[in-house]
Every structure is written in structure tokens, then in C-alpha cells.
Protein chains: 2
Amino acid sequence: MQKPVNRQVILKSRPSDVPQAENFAVVESAVPTPGDGQVLVRNVYLSVEPAMRGWVSAVANYSEPVAIDGVMRSLAVGHVVESRHPDFQVGEVVTGMFGWQDYAAVDATTIQRKVPDNGLPISTALGVLGINGLTAYVGLFDISLPKAGDTVIVSTAAGAVGSCVGQLAKLQGCRTIGITGGPEKVVLCREVFQYDEAIDYRSDDFESALSRACPNGVDIYFDNTSGPVSDAVIRHINVGARITLCGTASITRWDPIPQGPRVHRQLLVNRAKMQGFLVFDYVDRYAEALEMLTPLVRDGALQYREAILEGIGQAPDSIASLYRGDNLGKCLIRIAPDSI
Amino acid sequence: MQKPVNRQVILKSRPSDVPQAENFAVVESAVPTPGDGQVLVRNVYLSVEPAMRGWVSAVANYSEPVAIDGVMRSLAVGHVVESRHPDFQVGEVVTGMFGWQDYAAVDATTIQRKVPDNGLPISTALGVLGINGLTAYVGLFDISLPKAGDTVIVSTAAGAVGSCVGQLAKLQGCRTIGITGGPEKVVLCREVFQYDEAIDYRSDDFESALSRACPNGVDIYFDNTSGPVSDAVIRHINVGARITLCGTASITRWDPIPQGPRVHRQLLVNRAKMQGFLVFDYVDRYAEALEMLTPLVRDGALQYREAILEGIGQAPDSIASLYRGDNLGKCLIRIAPDSI
């Protein structure tokens, strides 16, 4: 039998904005041997996040930039194939920051959680029941503070986080308006993610469609984009509005900081709040969040979409593809069969 | 004896930005007769606020714009000279939205509060123990949430609100940095208002002086200006920072909305909050605030400055004068003797 190799996607050069395929290389190395207290994980799905743009950037961010020639940082889900830690058994499914590679030898602290057999595909541990669902949950319930009757606008409304925010807000009795790009996603927003209204920001009619969609103003804006979409939404905020900053997908470069309309007066006059958050600060809420989200997903009350790329060779271009808006739903890379 | 007249300052035309003397006229009318349930107040001090720019603007704001030919809206403090309401007696000192005029016949609901004889000049009811002190109190304690050891930056640091914020934050154990305009105010900030550092935003050296003043970053920014000063401060915010929006003194026109560096990324990466507030939303906190502030003022632990203009003829130019930075301290217009 051929000795298995560890295929790894490493960062070859630092992009100035959205990382492209040529910024990465796929290399092969030996499968690592877990040390004492470590676990060897065989990754099955690798995650692709918009936030990865920040992780490879040298500009100040919430984490150290990925090193040149280092394995690309990534959430992944996989099987324990060797364990030198008493809490983990071979065959268990785990998720954590295992990187874009086949095998990761990791300390127990690197493992975010064991993925229970809940009757759902293990890929959900990276999306609706992973970072995206958790982001939606804490962003909505801890920062946006929805009340029944609120008008809630979500940008990148069909995306992995946005679609979850929209559905959770609707379940709270809010009126939901999704902003998305292209007619296919507009249909998805209305028919699958149950938005009361869905608006295509690429249409010439965008600003007037937005005005028509929120005749009573906006109480919550879940902002995944920044940029012109956010500039349009802020003109409609109500007194006491909450603008939750979750991502800045529409801005490809922050160095130098781009110009836009100043927000101070709108926030002041409306006694409104604009607040950023980071899901990794809320680890102590994950269990509670998954307890709410898992039955909703299982019952079909919380819909999700996945775009699964096949093979690790797809990884280098995957972040750029996300920013091109090529895919519908959570972007994942499958590098091994679901079950071993 | 000559029958007294009621001199009134009315709005003659709507300015496009900071109201100038020519936007107002002083007219004379008969002293009004209080109706049943009303009180006739003889104003002693009229207040001049930066916020008055918004009150006369046709652009969306938190209150209806002052009508053309209407008496300029204003807080004032004065004596009850006639009462047809059982709760108010002739000779009592009261404060409220009495307008820029000698006499106001007002409903009891227009009276914000009776000013007790606390051993301090009644003018303080419009400043450090009025709207400015109350604004500082709720903005700092309800929105900025200071903790001992926090670095707090205040813009318009020598102003009626800013000077109070700086001193209250210092009393909470914060390190305070005041940003102000001109060497005279820098000295006032350091020597009277007890800022740990004071910086002149007009100096060529402003940005590097700011960097030197906050080597450990900024936890709270009490923003009275917007504009380039705020653009410089936000580059220094720490994780979890609170930016409290209290005023936008450095921006003279909001229509069209001026451009500036987008704040989204800084707020997101630092999980920071930017929030506007309006003191009039916190009427139920005024008593508690005055209970804290009054003894501090009486004991000299909370210093204040007043710039008193003599005579109602000074009113038309007074807002423009405020924006020119002509005066030190709370701007008031005295139109009658303190005691009757």
C-alpha cells in the first residue's frame, strides 16, 4: 500500500486585496505524527470564508496574518484517525482550525468541538451549524437585539450568514428584507429563505426598490458588505436602529481606507448604534446556539445551501470565487469521503 | 411707568449651514398673558447651543425645525412672575424651553424643573447643572461605559459638555486626553479641567501628538466634532472601544452628506461600538444626574466656565460665534438681573 501523503495548501505570496489562486500552492509533505496529548485528524471538508481575505492580509486585523509558506488557516471537519489524548477516540468527528490540508496533528485545544451524530451531514458543522450559523446567532441576538415587528435588512442576504440571519429574524416576528446580487439569488431569498422582500443591488432600480421595501424605516441592518449598499440603507434607519457590522464584502481594499459618506449625523440624530462583533469572542455561547439551531435545521425551518467544490486543487481559487459571487450558499471543499 | 414689552429673537430665514446674525431679527411684541394652567416666566439667561444649528435646519433631525418668523427655540432660566398653575409660585426660578425672548407664557409641561437655591448662580442651570452637564453624564455613563484605567479621548475638550465629560471620566479613574483648538484652551484643559494630556488639533504636529498621547490605544472616544479629528482618533481604538456620538461641530454642512474614511473595518476588527444619543431621551435620569453633579460643582471638583454675553441684541450672532470658537465655556445671554 502506498504511504499516504499530506497535501497542503500554503500561502506563497501576500495579496493586496482578495487572494487569488496564484497566491497559493499545493505541496505534499509527510503525514504528521501526533505527539503526546495530540490527535491526528483526517480532514473531510475544508471551509472557505470571506474572512480569509483578512487572515492573509498584513493589515491590522483580529488575528496574526497567515505566514508566507505556512498552511492556509481554515476551519475543517474530519475524523480522528489516531489519538494520543484520552478525550478523543478514533472515528469521532471533530471540527476546528485544522487548515487547508489532508491531515492535521493538533492539540486538544485546537479542536472546537466534537460533532455529534445528529442525522445531518457533517458538512453542516462548518456552515449553518458551524461558524456561519453561530455568527448569525450571536450577531442577531447579542448585537442586533430583534423585537417582533422590527424591519430587518440583511446584505449578502443569500449567503451562508445572511440567509441564516434573515430566517432567524423572521422566526422572531420581524419583517425581513434581503439585499442580494442577481435574479437567481433574489428568487432564493424569497422562496427558500423566506424574506418578505428581496432586492437586487445590481439593478438600476435599487435605491427606489429599497425605499419601497421599507416604508416604515429600518430598525436593524445586518451589514455584511459596507460600501454603496450600506450607504443606501443608512438613509432609512429609524430612531434607535442597530447596525450590526459582520463583514465588508463589497470593499476589496482597506489600505488606504476608502472614502464614503460620513455616518456620524445619521447615527446621532437617530440615536442609533453601529457595532462590530467577532464570533470567536462568543465561544461560551456556541452550545446554547447549537441547541437552538440544530432542531430548526433538522425540521427544515432553517434552510441552508452548500456549494461543494471537489478536491483540494480547488482551494487556491476558492476565496476569489467567493468574492466573484460564483456560488450559492456556504462554500466548502470536499477532500475525502464523508464516512471512513 | 412704561408698559413692558417682550423682545423676541425670531428666525427670519433658514441658513444652509451655521446660522448667522442675518438669519435672525429682534422684534418687540406685547408681554403675553398666561392662560389657565399656565405660568409667565421672565427669562434671565438664554442658552446658546451648538445643537441650535440642527434646530433651524430643514434637514431631518430629532425635532421639528423652528418655523420661519417663529421665536428661536432655546433653553432659558428665569423667574415666575405670574402663575395660574398651583404647582408654581411667583418668584420661583424655573428652566425649560422658553425661547429667545424676555417673557414666555408656558404650560407646566414646558417647565423642565424648578431650580433650587443651591448656593450656585442660576446660570449653572443652563450649563454644568443643565443640558451640558446632563449630556455629559448620560453620554458618559449610559453610552461610553467608563472603567478605571480606560483611556478616554474627548473632542471639543474645553467646551461645556467636553470639559464635564473629561472631569467625570477622570473621577472614574480613567486617563483623559482632551482635543481642543488653540494654546489658550490647551492650558485650560490641562490646568482647570485636569486632563492628563491636551492636544491642539490646529497644530501641524496634531497626528503625532495624538499617537504619543495614547500609546495604549483608546477605549472611549467622546466625539463632539466628527470630521478630521474623529478620523485621526478612530485609527487608535482598542478592541471593545466605545465611540459616543454627541455632536458634529466640525462639519458645517450635512446636505449633501460629506465624505470621509469609511469606519466599518475599524469598528468590525475592533468589535467596537459607535452610538449616538440625545439627552432629551433621558429625562428620567436628570434628578439622579443632578444629585451627583451638584455637590461636585459646589466643592470645586467639577470646574466649569461660562461666557456671558450681555443683552438680547447679542443673540442673533451668538451661534455663529460659538462655531467660530470665539468664547471659552458655556455660552449664555443675560437679559435681566439674576434676582428680582
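**Exercise 1. Pairing of β3(B)**

How many bridges join β3(B) to strand β4 (residues 76-83) of chain B, and do these strands run parallel or antiparallel?

Solution. Begin with the ground rules. This is a predicted model, in which local features need pLDDT of at least 70, side-chain atom pairs count only at pLDDT 80 or more, and totals for chains, interfaces and linings use all residues. Residues are numbered from 1 along each chain as its sequence is written, while chains are lettered from A and ligands numbered from 1 in the order in which they are written.

Step 1. Strands are DSSP runs of E with at least two residues, helices are runs of H or I with at least four, and both are numbered from the N terminus. Two strands pair if DSSP finds at least two bridges between them.

Step 2. Seven bridges join β3(B) to β4(B), and the strands run antiparallel. Here B:Asn43 stands opposite B:Gly78.

Step 3. Turn to β6 (residues 103-107) of chain B. It is joined to β3(B) by five bridges, again antiparallel. B:Val39 faces B:Val106 in this pairing.

Step 4. B:Ser47 stands opposite B:Leu332.

Step 5. Check burial. A residue is buried if 20 or more other C-beta atoms, placed from the backbone, lie within 10 Å of its own; 12 or fewer make it exposed, and values in between partly exposed. In β3 (residues 38-47) of chain B, 10 of 10 residues are buried.

**Exercise 2. The face of α6(B)**

Identify the buried residues of helix α6 (residues 227-234) of chain B and say why they line one face.

Solution. Step 1. The buried residues are B:Val229, B:Ser230, B:Val233 and B:Ile234.

Step 1. Seen down the axis of α6(B), they fall within an arc of 125°, so they line one face of the helix. The arc is that of the directions from the helix axis to the C-beta atoms.

Step 2. List the partners. The buried residues pack against β8 (151-155), β9 (175-180), β11 (218-223), β12 (237-245) and α7 of chain B.

**Exercise 3. B:Val263**

Step 1. B:Val263 is buried, with 25 other C-beta atoms within 10 Å.

Step 2. Two residues are in contact if their C-beta atoms, placed from the backbone, lie within 7 Å.

**Exercise 4. The interface**

Describe the side of chain B that touches chain A.

Solution. Step 1. 29 residues of chain B are in contact with 29 residues of chain A.

Step 1. The elements giving two or more residues to this side of chain B are β13 (259-261), α7 (264-269) and β14 (273-276). α7(B) gives the most, with five residues.

Step 2. Three bridges join β14 (residues 273-276) of chain A to β14(B), and the strands run antiparallel. A:Met274 has B:Met274 as its bridge partner.

Step 3. Judge confidence. The predictor gives the complex an ipTM of 0.92 and a pTM of 0.92.
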